[in-house]
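Trainee: I would like to learn how to read a protein model. Could you walk me through this one?

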Amino acid sequence: MSKFKSDFLHTLDERGFIHQISDEPGLDDLFAKETVTAYIGFDPTAPSLHAGGLIQIMMLHWMQQTGHRPISLMGGGTGMVGDPSFKDDARQLMTVDTIEDNIASIKRVFSSYLAYGDGPKDALMINNAEWLRSLNYLEFLRDVGRHFSVNRMLSFDSVKTRLDREQSLSFLEFNYMILQAYDFVELSKRYGCRLQMGGSDQWGNIVNGIDLGHRMGTPQLFALTSPLLTTASGAKMGKSVNGAVWLNADMLSAYDFWQYWRNTEDADVGRFLKLYTTLPMAEIAKLSAAGGSEINAVKKILATEVTAILHGRAAAEQAEETARKTFEEGALSDNLPSVDIPAGELEAGLGLLALMVRAGLAASNGEARRHVQGGAVKINDKAVSDERQLIGSSEITSDGVIKLSLGKKKHILVRPA
């Protein structure tokens with residue numbers, strides 16, 4: 001039996017989303033009795049979110065699926081400051097134009113998980129620039145700043161970690177937690193928002209907002225955080241050997257996104273099925289019981305289900321089919337990632353190491369050289385041992401491409417342009 005009576009908290013609990021709740025019985029009662037509005041903030045530090053943020057988006061998804069109203073809050077205002085939480089250094093400041101461009105790009109992903117509209121349970125996309133950019137500084141200090149204790153703010157783990165490492169914390173960044181707390185109050189006043197959710201590193205900031213709301217006369221506000229996820233081997237979620245696992249298709253293809261989940265460690269498969277797919281719990285229980293060679297089939301199901309939500313079922317199945325042809329049949333698929341190289345360069349011959357860097361299979365010539373020396377590089381499925389080899393027109397296959405491979409799972413088609 002679940003300890004929660006509300007569908008939303010029961011769902012989050014059984015799927016492993018809950019780390020802390022500020023008032024467990026009170027929040028459960030609220031969700032059981034009425035349609036609740038809750039939010040998660042997303043700062044536009046890049047043109048796309050990455051897979052590390054998927055757990056937050058899925059929390060909003062389940063909230064809407066259980067009959068409540070989620071808000072995805074874009075940090076058009078707070079993005080001008082930058083969240084210092086658990087960061088070693090200050091974030092690079094962004095221009096307003098960059099922030100707006102990033103927000104426009106990030107927004108494209110959310111409609112895959114949430115239904116936006118004007119109905120009572122439709123999701124809302126809101127930008128905190130609406131109230132933050134027009135603030136009068138002196139009025140803000142008098143009406144909001146007076147409620148904050150610097151002594152208490154200095155006790156937060158996110159601040160202490162920075163100060164203990166003797167990394168300077170600018171006054172600008174110190175203000176971030178005040179602005180985030182004020183967001184909660186504004187969303188409560190404007191939209192009846194009662195809950196802020198986020199990763200466990202945001203606990204102090206969210207509780208700050210609850211306290212500010214109490215002092216400024218809002219109804220009781222609540223906090224709910226999810227665990228900060230790492231893989232079974234300790235790697236940070238959303239990072240791969242090639243960098244961030246972006247959610248936007250123009251920054252990472254559906255195929256590469258599928259591959260990231262296909263390569264999930266065995267020990268993580270059951271947990272990731274609960275967190276990142278919408279499969280029923282009974283089905284997840286059956287899949288999680290798989291062992292031995294069966295686990296690879298389950299990983300493909302995980303990859304296809306996660307990819308289908310973000311990129312659509314057709315793209316997910318195409319990615320799975322591309323992988324099957326490439327790895328199981330050794331066939332060449334047009335759907336593999338590709339890189340265009342001017343035909344003139346290929347006619348003259350391009351150094352193997354430089355080509356690997358151009359194709360994104362290595363970050364530098366030195367890294368490419370180590371891969372070649374380790375026997376991990378193939379051209380058209382034939383191992384290459386000479387790091388000085390020139391790759392040119394003679395390597396172009398009858399399909400009009402050159403297949404460049406690193407290990408068993410990374411393949412790039414080199415196309416003459």
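**Reading the fold and its aromatic rings**

Mentor: Happy to, and keep in mind that this is a predicted model. Let's begin with contacts along the chain. Among the protein's contacts with a separation of 6 or more, 73% are between residues 24 or more positions apart.

Trainee: What radius of gyration does the protein have, and how does that fit a compact globule?

Mentor: The general idea is to set the value against a rule based on chain length. For 417 residues, a compact globule would come out near 22 Å, so the protein's 24 Å agrees with that. Along the principal axes, the C-alpha atoms occupy a box of roughly 75 × 50 × 40 Å. The secondary structure comprises 19 helices and 15 strands.

Trainee: How much of the protein is buried?

Mentor: Of the 417 residues, 49% are buried.

Trainee: Now the rings, please. How many aromatic pairs does a search of the whole structure find?

Mentor: It finds nine. Take F257 and W261, an edge-to-face pair at 6.0 Å centre to centre, with 65 degrees between the planes. The label follows from the angle, because planes over 60 degrees apart count as edge-to-face. These two residues lie four apart in helix α12 (residues 254-262), so about one helical turn separates them. Both F257 and W261 are buried.

Trainee: Which pair do W261 and Y276 form, stacked or tilted?

Mentor: A tilted one: their centres are 4.9 Å apart and the planes make an angle of 55 degrees. This pair links distant parts of the chain, with W261 in helix α12 and Y276 in helix α13 (residues 269-276), 15 residues apart. Both W261 and Y276 are buried.

Trainee: Which residues form one aromatic cluster?

Mentor: The cluster consists of F257, Y260, W261, F272 and Y276.

Trainee: What does R152 touch, not counting residues up to four places away in sequence?

Mentor: R152 touches V207, N208 and D211. As for the aromatic cluster, one of its members is Y260, and the C-alpha atoms of R152 and Y260 are separated by 41 Å. Along the chain, R152 and Y260 are 108 residues apart.

How values were computed:
Residues are numbered from 1 along each chain as its sequence is written. This is a predicted model: local features need pLDDT of at least 70, side-chain atom pairs count only at pLDDT 80 or more; totals for chains, interfaces and linings use all residues. Side-chain values use heavy atoms; hydrogens and water are left out. Rings of Phe, Tyr and Trp (its six-membered ring) pair if their centres lie within 6.5 Å; planes under 30 degrees apart count as stacked, over 60 as edge-to-face and the rest as tilted. Buried means under 20% relative accessible area, exposed over 50%, partly exposed in between (1.4 Å probe, protein chains only). The radius of gyration is taken over C-alpha atoms; the globule rule is 2.2 Å times the number of residues to the power 0.38. Contact means heavy atoms within 4.5 Å.
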